[in-house]
Amino acid sequence: MKGFGMIKAGEAAWLEKERPVCGPLDAIVKPTIVAPCSSDTHAYHTAAYTDRILGHEAVGIVEEVGELVTKFKPGDEVVVPCCTPNWLASNMQEMLYTAHDEGLMASFKYLGAKDGVFGEVFHVNQADANLVHMMDGVKPEAALMTVDMMSTGFHAVENAEIKFGDTVCVIGIGPVGLMAVAGCAIRGASRIIAVGTRPKCVEAAKEYGATDIVSYKTGDIVEQVKELTGGGVDKTIIAGGNADTMLQAIMMTKPMGIVSNVNFFDFSAEFKIPALAWGLGMANIDIRGGFCPGGARRIERMMELIKYGRIDTTKIISHTFHGFDKIEDAFWLMDSKVPELIKPIVYID
Ligand code: NDP
Ligand code: ZN
């Protein structure tokens with residue numbers, strides 16, 4: 001079968017691969033809408049995968065199920081979480097670490113361990129726990145935005161422990177940061193300062209609840225945030241930037257605050273944090289970093305927020321393509337980060 005992926009770091013192309021085999025607990029799904037992620041383009045530039053189909057955001061139609069699958073059958077319309085843990089792994093039994101089933105980020109099977117969703121079909125392990133039926137009242141493209149963007153953005157919000165009245169800075173307002181802005185608003189933050197410059201993202205950030213916009217291109221963001229707030233924020237979420245962003249986040253966060261990261265840092269990145277910036281170790285500022293939680297129930301919860309009108313995830317869709325072959329165009333567009341880009345999707349029709 002055909003799929004768009006990476007031959008090696010820095011080389012992406014259409015690949016010819018074997019059709020995946022369906023185990024007794026598994027499913028084979030034909031994608032109907034897919035989206036490229038910044039993590040796909042990041043992996044393409046830097047990761048050591050070879051001959052690997054990319055993509056980990058999909059909704060689709062079940063083509064085949066294993067003999068032990070009870071909740072799904074061929075023809076069902078499904079939403080596929082980007083992280084599909086092995087629910088039998090000891091980390092899962094011990095700590096319910098749905099992102100790290102067999103080790104760091106190991107629940108991220110697509111890309112990390114097998115071909116992704118940019119193929120004619122793709123494999124889903126343990127379908128009964130890792131697939132979600134499409135929900136009445138939720139558009140398929142809205143559901144697609146839950147599987148990684150909303151789940152990850154909301155994970156940043158969960159780790160930041162946003163409380164009523166918190167003042168928050170969200171650094172980075174690509175699709176992940178925008179979902180974090182929306183999540184902060186739902187969790188009751190009062191002031192939400194969003195850092196980013198792409199005009200479409202700035203507009204969407206305001207719609208999702210940002211009260212202030214700061215540009216990292218026109219001055220030091222720590223100074224700007226401290227000036228706006230008269231001293232700093234309660235919580236800082238990092239959803240973009242580079243290794244220096246970690247220090248900036250710590251410096252703009254007040255004592256007793258939390259820095260919550262979901263940004264994918266470069267393999268070579270190092271955090272240089274002068275002790276004074278972290279209150280000589282006495283600031284009670286927690287630094288947390290997390291990976292998108294996995295599994296079906298997580299995504300059902302996200303979809304229920306859409307169904308009951310708490311969030312419209314389709315505002316982050318800036319470009320739509322039609323046709324399997326257009327996956328390549330969407331991927332390169334995602335890589336380009338042009339000013340009018342938030343998130344492209346591809347209807348495979
Ligand atoms: P985007 O590239 O679309 O957005 C990045 C944002 O960061 C933009 O708003 C950009 O501003 C801003 N930015 C860039 N440089 C700086 C800087 N120096 N200082 C402050 N802000 C800056 O990314 P996505 O929203 O798609 O993804 C965000 C990150 O999340 C990526 O690293 C991605 O790999 C990661 N990710 C992590 C997951 C997880 O589970 N932890 C899952 C999915 C994604 P501008 O408007 O100027 O472009
Ligand atoms: Zn992703």
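**Opening strands**

How many bridges join β1 to strand β4? Two bridges join them, and the strands run antiparallel. In this pairing M6 stands opposite R52 in β4 (residues 52-53). Strands are DSSP runs of E, at least two residues long, and helices are runs of H or I, at least four long, numbered from the N terminus. Two strands pair if DSSP finds at least two bridges between them.

Strand β1 (residues 2-8) also pairs with β2 (residues 11-16), antiparallel, over six bridges. K2 stands opposite E16 in β2. The two strands form a hairpin with two residues between them. G10 in the turn has a positive phi of about 85°.

**Basis of the model**

This is a predicted model: local features need pLDDT of at least 70, side-chain atom pairs count only at pLDDT 80 or more, and totals for chains, interfaces and linings use all residues. Residues are numbered from 1 along each chain as its sequence is written, chains are lettered from A and ligands numbered from 1 in the order written, and side-chain values use heavy atoms, without hydrogens or water.

C37 and H56 are both buried, meaning under 20% relative accessible area (1.4 Å probe, protein chains only).

**Ligand 1**

A polar side-chain atom of N263 lies 2.7 Å from an oxygen atom of ligand 1. For a backbone N or O atom of F264, the distance to a ligand 1 oxygen is 3.0 Å.

Definitions and conventions. Buried < 20%, exposed > 50% of the residue type's maximum accessible area, 1.4 Å probe, protein only. Polar contact = N/O pair within 3.5 Å; in protein donor to acceptor, adjacent residues only side chain to side chain.
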